[in-house]
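Thanks, everyone. Let me put the model on the screen, and then we go through it quickly.

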2 protein chains.
Amino acid sequence: MQRAGPSSPSCSTSDCFPLRKTAECGSEHSVEPEKHEVRAAGAPTGLSRMWSVVSFYICYLLCLGLSLACVVCVCLWNSQWRGGFAWDGSALQFNWHPVLMVTGLIALYGNGAVLYRVPLTWGQNKLPWKLLHATVMLLALILSIVGLCAVFDFHNAKKISNLYSLHSWIGIAATALFAIQWVVGMAGFLLPCSPMSLRALLKPVHVWMGGSILWLSIAACISGINEKLFFVLPGSANQAYADLPPEAVFANVLGVLIVAFGLVVLKILSNREWQRPESRPEDLAYTPLLQEENE
Amino acid sequence: MQRAGPSSPSCSTSDCFPLRKTAECGSEHSVEPEKHEVRAAGAPTGLSRMWSVVSFYICYLLCLGLSLACVVCVCLWNSQWRGGFAWDGSALQFNWHPVLMVTGLIALYGNGAVLYRVPLTWGQNKLPWKLLHATVMLLALILSIVGLCAVFDFHNAKKISNLYSLHSWIGIAATALFAIQWVVGMAGFLLPCSPMSLRALLKPVHVWMGGSILWLSIAACISGINEKLFFVLPGSANQAYADLPPEAVFANVLGVLIVAFGLVVLKILSNREWQRPESRPEDLAYTPLLQEENE
């Protein structure tokens, strides 16, 4: 079923990205300040549209590449330098912690966050993409919780206190906020009983909290990698870390990759030209799953 | 001199915040999706406007209060538990480092970033506020550079290597990006020779980079506080930190306050209802200082 009408015209991907116009797409979101300013400055409209497509795909490829690089690097660091993996209360169990946190809270989370920005998802029914967004985020949340279990188990086996460092406070806050965000998002945007007015109020909070959780996770990862390197490369007056052996350089580069990934995700999320046009009332309202499937 | 006309109507603070309307303010920025959605949901317009004012001032007061709390806490931590301040190559010189970085890169920077969101600055000539924004940011940059000098001097005096930890890599990257951002911002938005088309292209990059620098600075602060506590509270197997003595709790709370401040600043920056209406061409164009002063 295709929806059309003055207030909600149908809007194919090719119409809407990046060629969408206010009147055509029926979305007040699509009045973009950047585009307006470029036009005001007399830049060729066709050229700026072409640049918008090219720059989106550059950013999206960077996003995918950097997230993959982060996961590969954190696995290599823990397998090559830290002895690999086990689930036996030893240091090898701890090694699951950085791998699962970086994979869940950073790589999967960031890719789940930018899902709606992919033009392929536009001009189509939103519900399947909502379900995919919720599923990717649930997988990210599960990996993060298992990552926390790994470090709690290791600490308990070694009689080390839990949750004393600032790294642990920020990390547990990020995961707890993520869990709340997922539950509230599920209840607010996917349950049929959730009213449209609630969705409209929730959405800006969901978007702001989504970006904030990513940055909290990045702060937790940076402090965690830093702390781990001081633990495992102590030497005399931290000389082993200060000498920057290959492991230190490799793990520092992992931290830089995580930050670069965060910057690219934030860039994608903040660019209004790349937002899915969706202020149509029926995008906020609930549509029964069966009806959506039949469209 | 008051500007008026169909394309650039004058727009007093009371008109524009939060009562500004697309047609009245002549700004395409002022088509706010959140507001649109709330209206679509049938919420009372007057009530949502009132809530917009109240919630802005709550956030702004929180922003001011949290930045003040961060500065007070970092000063207290270093004076009460770390022995105070000196500039003699000793550990007392190092103590300037966290104080100046938190004051410059976090408190001043965050407050400088939200300056344009204060309704008092709307409906007035933008140039004095641009100059204040640039001045606050320059002060923040100077404090950050002096903060870096403090730690480099201390390291050199104690024959400790510089720039080996991930904390130092992220911190130096944040300060370097901040310096580039300030110079490019000054050249792009304040110099008379900068063309309007360049300003239009620069602005979204300036806004995105501005938020990213704040989050990089927060990540650097969190990893720095965490690292410092492991250094000064080592004990056996980090037991002194794990026992959470008053200093550890106090410094951890400082980290939490810094994160809370970042969340509030990001909330203020991301809310489109609180943005200064400024897509009028003359807001992007250069106006000679003398002319601005005479308005």
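Start with Phe230(A). At 10% relative accessibility it counts as buried, because buried means under 20% relative accessible area, exposed over 50%, and partly exposed in between, with a 1.4 Å probe and protein chains only.

Ground rules before more detail. This is a predicted model, so local features need pLDDT of at least 70 and side-chain atom pairs count only at pLDDT 80 or more, while totals for chains, interfaces and linings use all residues. Residues are numbered from 1 along each chain as its sequence is written, chains are lettered from A and ligands numbered from 1 in the order in which they are written, and side-chain values use heavy atoms, with hydrogens and water left out.

Now the aromatic pairs. A pair of aromatic rings is described by the distance of the centres and the angle of the planes. The rule here: rings of Phe, Tyr and Trp (its six-membered ring) pair if their centres lie within 6.5 Å; planes under 30 degrees apart count as stacked, over 60 as edge-to-face and the rest as tilted. That gives 23 aromatic pairs over all chains.

What does Phe230(A) pair with? Its partner is Tyr164(B), at 6.1 Å centre to centre, with 70 degrees between the planes, and the pair is edge-to-face. This pair crosses between chains. Phe230(A) sits in helix 9 (residues 196–232) of chain A. Tyr164(B) sits in the loop between helix 7 (127–157) and helix 8 (166–189) of chain B. A word on helices: they are DSSP runs of H or I with at least four residues, strands are runs of E with at least two, and both are numbered from the N terminus. Tyr164(B) is buried too, at 6% relative accessibility.

Next pair: Phe231(A) and Phe230(B). Why is the pair edge-to-face? Because the ring centres are 5.0 Å apart and the planes stand at 90 degrees. Phe231(A) lies in helix 9 of chain A and Phe230(B) in helix 9 (residues 196–232) of chain B, so this pair also joins two chains. Buried or exposed? Phe230(B) counts as buried, at 9% relative accessibility. Phe231(A) is partly exposed, at 34%.

In chain A, ring pairs link Phe56(A), Tyr57(A), Tyr60(A) and Trp274(A) into a cluster. Then the charges. The charged end of Lys126(A) sits over the ring of Tyr116(A), 4.9 Å from its centre. For that, NZ of Lys or CZ of Arg must be within 6 Å of the ring centre and within 35 degrees of the ring normal. In chain B, the charged end of Lys126(B) sits over the ring of Tyr116(B), at 4.9 Å from the centre.

On to chain A as a whole. It has 13 helices and 0 strands. Of its 295 residues, 54% count as buried. Contact means heavy atoms within 4.5 Å. Among contacts in chain A between residues at least 6 apart in sequence, 73% join residues at least 24 apart.

Leaving out residues up to four places away in sequence, Leu148(A) touches His97(A), Met101(A), Ile172(A) and Thr175(A). Leu139(A) is in helix 7 (residues 127–157) of chain A as well. Leu139(A) is partly exposed, at 44%.

Over to chain B, for helix packing. Axes are lines fitted to C-alpha atoms, for helices over the stretch in contact, and angles run from 0 to 180 degrees between N-to-C directions. The axes of helix 6 (residues 96–113) and helix 9 of chain B come within 10 Å and cross at roughly 135 degrees. The two helices are therefore oblique to each other; angles under 35 degrees count as roughly parallel, over 145 as roughly antiparallel, 65 to 115 as roughly perpendicular and the rest as oblique.

Helix 6 of chain B also packs with helix 8 of chain B, at about 45 degrees, with the axes 13 Å apart. The helix 6 side of that contact is His97(B), Met101(B), Leu105(B) and Tyr109(B); the helix 8 side is His167(B), Thr175(B) and Phe178(B).

Last stop: Arg117(B), in the loop between helix 6 and helix 7 of chain B. Arg117(B) is buried, at 10%. Its contacts beyond four places in sequence include Phe56(B), Trp122(B) and Trp274(B).
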